Amino acid sequence: MEVLVEYVRLGSTGMKVSRICLGMMSYGDPSKWQDWVLDEERSEPLVRRAAEAGVTFYDTADVYSVGTSEEVTGRLLRKIFPNREDYVLATKVFFPVGQATNDSGLSRKHIHAAIDASLRRLGTDYVDLYQIHRWDDHTPIEETMEALHDVVRAGKARYIGASTMYAWQFAKAQHVAEVNGWTKFVSMQNHYNLLYREEEREMVPLCIDQGVGMIPWSPLARGLVARAGSEEQGTTRANTDGRITALYGGPGDAAILARVAEIAAERGVPAAQVGLAWLLAQPGVTAPIIGATKEKHLDDAVASVALTLSDKELATLAEPYVDRPVAH
């Protein structure tokens with residue numbers, strides 16, 4: 001593939017990442033996770049295609065395929081890239097991977113055990129971005145932020161990031177780190193797409209103000225945006241994912257999808273490219289995290305970087321949105 005992606009700094013850091021991040025949750029062991037997960041043999045061509053297109057940013061988590069995603073991610077990236085410095089590797093901590101009493105959450109005990117386990121599975125000495133997967137109501141944020149700071153000071157992570165929380169929680173964590181001289185979060189992995197824009201109320205302005213890069217998950221609303229105006233049947237994941245109806249399908253969604261389909265037809269491009277191009281044009285967005293189980297998923301994501309929507313098109317897509325309850 002021709003290299004089409006662009007490279008930007010992650011938030012206010014000096015580290016550059018591709019404008020598309022490949023989510024590695026789709027690669028691992030279907031027997032340990034979900035039927036739609038691809039094993040290592042089927043995953044390799046897609047990861048290699050992403051690398052050939054210039055994608056240098058890869059995101060996984062210890063809980064995906066109960067650790068197997070990290071193992072697959074590490075082996076494939078070592079095989080595909082000549083040098084460790086050629087790519088940016090991110091993983092996450094919070095959800096349980098094992099059955100031990102302390103094998104979850106964001107306690108000092110779990111964070112230090114989890115980063116060591118992740119590094120072993122990934123086969124690397126460090127990750128570029130270590131993220132908390134959720135907020136922990138049962139652990140003082142001071143304990144969490146100091147433990148993450150220690151992980152950075154030990155050289156096991158270059159930067160830290162967060163995911164999926166309320167803006168007040170994120171602001172509190174950043175404040176605790178700042179007043180204590182600890183490492184602050186440089187990224188926010190939040191739920192953000194054409195069908196879910198509640199992050200624009202508080203989280204997006206907060207991240208822009210603080211120079212935090214946003215790397216949204218589910219940028220195509222679990223594939224709903226990609227299938228706008230199409231009679232294409234849902235994927236295996238879509239047909240077995242109960243959260244789709246919990247997160248989407250509210251007032252305004254049908255009108256938004258109709259407009260995605262209309263603009264896609266006018267442009268002569270797939271709907272997925274329009275949806276991703278809209279998200280890439282939003283202030284503060286660094287790199288949407290895309291899932292790819294087929295070549296066309298990856299090709300559309302890469303092509304969306306070069307698709308510039310007009311101000312009128314952006315407004316047309318945004319206009320039908322109806323506010324809804326916050327959903328994480």
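Is Glu 200 buried, partly exposed or exposed at 28% relative accessibility? Glu 200 counts as partly exposed. Buried here means under 20% relative accessible area, exposed means over 50%, and partly exposed lies in between (1.4 Å probe, protein chains only).

The structure is a predicted model, in which local features need pLDDT of at least 70, side-chain atom pairs count only at pLDDT 80 or more, and totals for chains, interfaces and linings use all residues. Residues are numbered from 1 along each chain as its sequence is written, and side-chain values use heavy atoms, with hydrogens and water left out.

The protein has 12 helices and 10 strands. Both are DSSP runs numbered from the N terminus: helices are H or I with at least four residues, strands are E with at least two. The radius of gyration is 19 Å, close to the 20 Å that the globule rule gives for 328 residues, so the protein is as compact as a globular protein of that length. This radius is taken over C-alpha atoms, and the globule rule is 2.2 Å times the number of residues to the power 0.38. The C-alpha trace spans about 55 × 40 × 35 Å along its principal axes. Of the 328 residues, 56% are buried. Among contacts with a separation of 6 or more, 79% come from residues 24 or more positions apart. A contact means heavy atoms within 4.5 Å.

Salt bridges were searched for across the whole structure, and 18 were found. The criterion is a side-chain nitrogen of Lys or Arg within 4 Å of a carboxyl oxygen of Asp or Glu. One of them joins Lys 156 and Asp 116 (2.8 Å, N to O). Lys 156 lies in the loop between α4 (141–153) and β7 (157–163), and Asp 116 in helix α3 (residues 108–122), so the pair ties together parts that are 40 residues apart in sequence. Lys 156 is partly exposed at 23%, and Asp 116 is partly exposed at 28%. Glu 200 pairs with Arg 197 at 3.1 Å, N to O. Arg 197 is buried, with a relative accessible area of 14%. Glu 198 meets Arg 201 at 2.6 Å, N to O. Glu 198 is buried at 5%. Elsewhere, salt bridges link Glu 44, Arg 48 and Lys 79 in a network.

Aromatic rings were examined next. Rings of Phe, Tyr and Trp (its six-membered ring) pair if their centres lie within 6.5 Å; planes under 30 degrees apart count as stacked, over 60 as edge-to-face and the rest as tilted. This rule gives seven aromatic pairs. The ring centres of Phe 170 and Phe 185 are 5.8 Å apart and their planes are at 20°, so this pair is stacked. Phe 170 belongs to helix α5 (residues 167–180) and Phe 185 to strand β8 (residues 185–189), so the pair ties together parts that are 15 residues apart in sequence. Phe 170 is buried at 1%, and Phe 185 is buried at 3%. Ring pairs also link Tyr 58, Phe 81 and Tyr 87 into a cluster.

Tyr 126 has charged neighbours. The charged end of Arg 84 sits over its ring, 4.2 Å from the centre. Arg 158 lies over the face of Tyr 126, 3.7 Å from the ring centre. A charge sits over a ring if NZ of Lys or CZ of Arg is within 6 Å of the ring centre and within 35 degrees of the ring normal.
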